[in-house]
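Please read the report below alongside the sequence and the structure. It covers cores, helix packing and some backbone details.

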Amino acid sequence: MGLKLKALAKSPWVFHVSTGSCNNCDIEVLDLLTPRFDVERFGVLLAGSVRHADCLLVCGAMNRKCIPRVKKLWEQAAKPCLVVAIGSCALGQGVFRGSYAMGEPVDKYLPVHAYVPGCPPKPEAIIAGVVEALKALKKKE
Amino acid sequence: MTVEQVLLWLVWLLGVGFIGTAIAGLLITFVDRKVTARVQYRVGPPWYQPFADVVKLLGKETIVPRGASRLAFFGSPLVAVASAALVSAMLWAAILRPAESFVGDVFVVVYLLVLPSLALVLGGAAARNPLAAVGASREMKLVLGYELPFILALTVVFIKSGGQIRLAQLLAFQSANGAFAVSLSGALALIVMVPVIQAKLGLVPFDQAEAETELMGGALIEYSGAPLAAFKLAKAMLYFTLPVFAVVVLCGGMPATGVGPFVLGLLKVVGLVVVAVLIRNTNPRVRIEHAVRFFWGPVTAVAAAAVVLALLGESFGIGWL
């Protein structure tokens, strides 16, 4: 593992992408930054701009309006960049499956590195998801 | 100047100005983040976190937005880092080798200290992003706001030292007659310096140009990879350099005559950094017009009062003014 990846593993800045989620997963993502979980211990910061991001946290059922926007966000992110799909909706669209407003789940459009199931997933599970994504990146290199 | 002297200055610029300041600045950035975390009842990042951030950004892809001016987009982060390194090299030359300091002019420092802000303006404007343009325009207004009280505070120093403008001479004057900040006008000038440093560093309450939650990074929104690392590094270097400058011109500096006075000077720098971190953690971001009004109103008034007091003190020979 090179120095580049080591540094990336020590400071993954995350960017929060909501693709039509019910706000439940989004709140759990924000929980990570609170004193109880404090992911800054691991160098995780919430990036405001997708250009600064090393990891996209995608939640939501991916409705049709979101598809071009999510693709554009992925193109705008500086590589290497990870994608973590968060919540039942991002994994398999949950109760919204088959709705006229929905596209396909996230991994149809983006290369997902880790899946975090749950409705909503616990903050611990999301931290584990980011760790898994970093592991996946290391394995690929 | 001989060739050896030029080479010596280059080594000084690279070793002390760039590498030394970068390490010190990144460590101070860590202190800032750790104290911020403790204030919010969090654990905070490990000590190597700012270093890991910079190394990571250096290894990332660099994206240039379509239609951006490449020269300005890549030139401005370089200018920011270079000017921060140059200021630091000059300051430490005046502190550690006062006899040889030929570039110890306060005005040069003032000009060089404004360059990182101008680089941010230029980079933001070159990025062709509306949010970056808003951030750049805010940074420009902020510069207009804080430069006036900054110059007035430095005028106090010129008056009290009898017209000395060289850093080494100012340090010598202070070690002979006591630090300027001990007098009333000097203390007021130091008080003026605190918000000016805050604004020059772009810390809350004066982080309008980068406003993470509002402009998503503002002037830096389109930056990624190495140029972003350069901007972060320049900010970290200034985080160390600006308090050192304030200590040099107002608080007697850190004379290299012995370990005791030198450490005392460094403690003064740490004190200013702690003040900056605490202000940053106990204040919300103000709107840009409030920030400019604050600098042109109360801060300039205090600075002007300090200048008047210093003039009175000089003309009537009253030491404590």
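## Model and confidence

The model is predicted. Chain A has an average pLDDT of 87, and 98% of the residues score at least 70. Within chain A, helix α3 (residues 66-76) has the highest confidence, with a mean of 91, and helix α1 (residues 3-10) the lowest, with a mean of 82.

## Contact between the chains

Chain A contributes 17 residues to the contact and chain B contributes 26 residues. On the side of chain A that touches chain B, five residues are nonpolar, five are polar and seven are charged.

## Nonpolar cores

The largest nonpolar core contains 104 residues. B:Leu91, B:Ala153, B:Ala189, B:Ala246, B:Val248, B:Leu250 and B:Ala306 have the most contacts inside this core. Helix α9 of chain B (residues 225-250) gives the most to the core, namely 19 residues. A separate core of 42 residues lies apart from it and includes A:Leu45, A:Cys55, A:Leu82 and A:Val130.

B:Leu91 is one of the residues with the most contacts inside the largest core. Leaving out residues up to four places away in sequence, B:Leu91 touches B:Leu167, B:Thr241, B:Val244, B:Phe245 and B:Val248.

## Helices α1 and α9 of chain B

In chain B, helix α1 (residues 3-39) crosses α9 at roughly 85 degrees, and the two axes come within 7 Å. That angle makes α1(B) roughly perpendicular to α9(B).

On the α1(B) side the contact is formed by B:Thr21, B:Ala22, B:Ala24, B:Gly25, B:Leu26, B:Ile28 and B:Thr29. Their partners in α9(B) are B:Leu233, B:Ala236, B:Met237, B:Tyr239, B:Phe240 and B:Thr241. Nine residues of this contact are nonpolar, four are polar and none is charged.

## Helices α2 and α9 of chain B

Helix α2 of chain B (residues 49-59) also packs with α9(B), at an angle of about 150 degrees and with the axes 7 Å apart. The angle makes α2(B) roughly antiparallel to α9(B). From α2(B), the contact uses B:Pro50, B:Asp53, B:Val54, B:Leu57 and B:Leu58. From α9(B), it uses B:Gly225, B:Ala226, B:Leu228, B:Ala229, B:Lys232, B:Leu233 and B:Ala236. The contact of α2(B) with α9(B) has nine nonpolar residues, one polar residue and two charged residues.

B:Pro50 is located in helix α2 of chain B. It counts as buried because it has 26 C-beta neighbours inside 10 Å, and the cut-off for buried is 20 or more. Apart from neighbours within four places in sequence, B:Pro50 is in contact with B:Leu26, B:Thr29, B:Phe30 and B:Ala236. B:Pro50 and B:Gly25 are separated by 25 residues in sequence and by 9.4 Å in space, C-alpha to C-alpha.

## Helices α7 and α10 of chain B

Helix α7 (residues 184-201) and helix α10 (residues 259-281) of chain B pack with their axes 10 Å apart, at an angle of about 70 degrees. The two helices, α7(B) and α10(B), are therefore roughly perpendicular to each other.

In this contact B:Val194, B:Ile197, B:Gln198 and B:Leu201 of α7(B) meet B:Leu272, B:Val275, B:Ala276 and B:Ile279 of α10(B). Seven of the contact residues are nonpolar, one is polar and none is charged.

## Backbone details

A:Lys79 and A:Pro80 are joined by a cis peptide bond with omega about 0 degrees. A:Pro80 sits in the loop between α3 and β4 (82-86) of chain A. A cis peptide bond also joins A:Cys119 and A:Pro120, where omega is about -5 degrees. A:Pro120 belongs to the loop between β5 (114-116) and α5 (123-140) of chain A.

A:Asn23 is not a glycine, but its phi is positive, near 85 degrees. A:Asn23 lies in the loop between β1 (13-18) and α2 (24-31) of chain A, and counts as exposed because it has 11 C-beta neighbours inside 10 Å. B:Arg128, also not a glycine, has a positive phi of about 55 degrees. B:Arg128 is in the loop between α4 (106-126) and α5 (130-160) of chain B, and with 15 C-beta neighbours inside 10 Å it counts as partly exposed.

Methods:
Residues numbered from 1 in each chain as written. Chains lettered and ligands numbered in written order. Predicted model: local features only at pLDDT ≥ 70, side-chain atom pairs only at ≥ 80, totals over all residues. Core = buried A, V, L, I, M, F, W, Y, C linked by C-beta atoms within 7 Å. Buried ≥ 20, exposed ≤ 12 C-beta atoms within 10 Å, placed from the backbone. Helix = DSSP H or I, 4+ residues; strand = E, 2+ residues; numbered from the N terminus. Contact = placed C-beta atoms within 7 Å. Axes fitted to C-alpha atoms, helices over the stretch in contact; angles between N-to-C directions. Parallel < 35°, antiparallel > 145°, perpendicular 65-115°, else oblique. Nonpolar A, V, L, I, M, F, W, Y, C, P; charged D, E, K, R; others polar. pLDDT = per-residue confidence, 0-100.
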